[in-house]
Amino acid sequence: DDQNDDNANHPTTTPPPPPRVQSNLKDNTGYKLHQLFIGAEGTLGVITGVALKCPPYPASRQAAFLGCRTLDQVVRLMALARRELGEIVAAVEWMDRACLECVVQQQQQRRR
């Protein structure tokens, strides 16, 4: 399924002088030429342009601040969130108690 395969759609490529890559090669082997160019690190040609599929911005954004006593609880909570919410979970940040106490201390010092 090309739609979900990757985020690079049909890059524009410039083949190097000899050997020259023909643009009319019959592709019945299952290879995707644009993937070959991307993975060849410049040995097959130079990519001079590319169209990217970008997902739309979400209709809304939410944030949650949750407390867990152990790292194992954090891991289990994130597995549950991924399973139940899927790609809605875009980012996760984790702070241990020492980090949180440092933030609180810095905020208290700024208020003085």
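Let me begin with a term: a contact means that heavy atoms lie within 4.5 Å. With that in hand, residues 24 or more positions apart account for 70% of the contacts with a separation of 6 or more in the protein chain.

Before I go on, please keep in mind that this is a predicted model, in which local features need pLDDT of at least 70 and side-chain atom pairs count only at pLDDT 80 or more, while totals for chains, interfaces and linings use all residues. Residues are numbered from 1 along each chain as its sequence is written, and side-chain values use heavy atoms, with hydrogens and water left out.

The protein chain has four helices and two strands, where helices (H or I, at least four residues) and strands (E, at least two) are DSSP runs numbered from the N terminus. Along the sequence they follow the pattern α-β-α-β-α-α.

How much of the chain is buried? Buried residues, meaning those under 20% relative accessible area, with exposed over 50% and partly exposed in between (1.4 Å probe, protein chains only), make up 9% of the 112 residues.

Now to the one salt bridge of the structure, a term for a side-chain nitrogen of Lys or Arg within 4 Å of a carboxyl oxygen of Asp or Glu. Arg-76 forms it with Asp-72, and their closest N and O atoms are 3.0 Å apart. Because the two residues are four apart in helix 3 (residues 71-85), about one helical turn separates Arg-76 from Asp-72. Arg-76 counts as exposed at 52% relative accessibility, whereas Asp-72, at 46%, is partly exposed.

Finally, let us turn to the largest pocket, which holds about 1400 Å³ of space. On a 1 Å grid over the protein atoms alone, a pocket is an open set of points where a 1.4 Å probe fits, with protein on both sides within 12 Å along at least five of seven lines, and lining residues have an atom within 4 Å of a point. Grid points are joined across faces, edges and corners, and the volume is the space filled by probe spheres set on the points. Of the 34 residues that line this pocket, Ala-64, Met-78, Ala-91, Val-92 and Glu-93 are the closest to its centre. Helix 3 and helix 4 are the elements that give two or more residues to the lining, and helix 3 gives the most, with eight residues.
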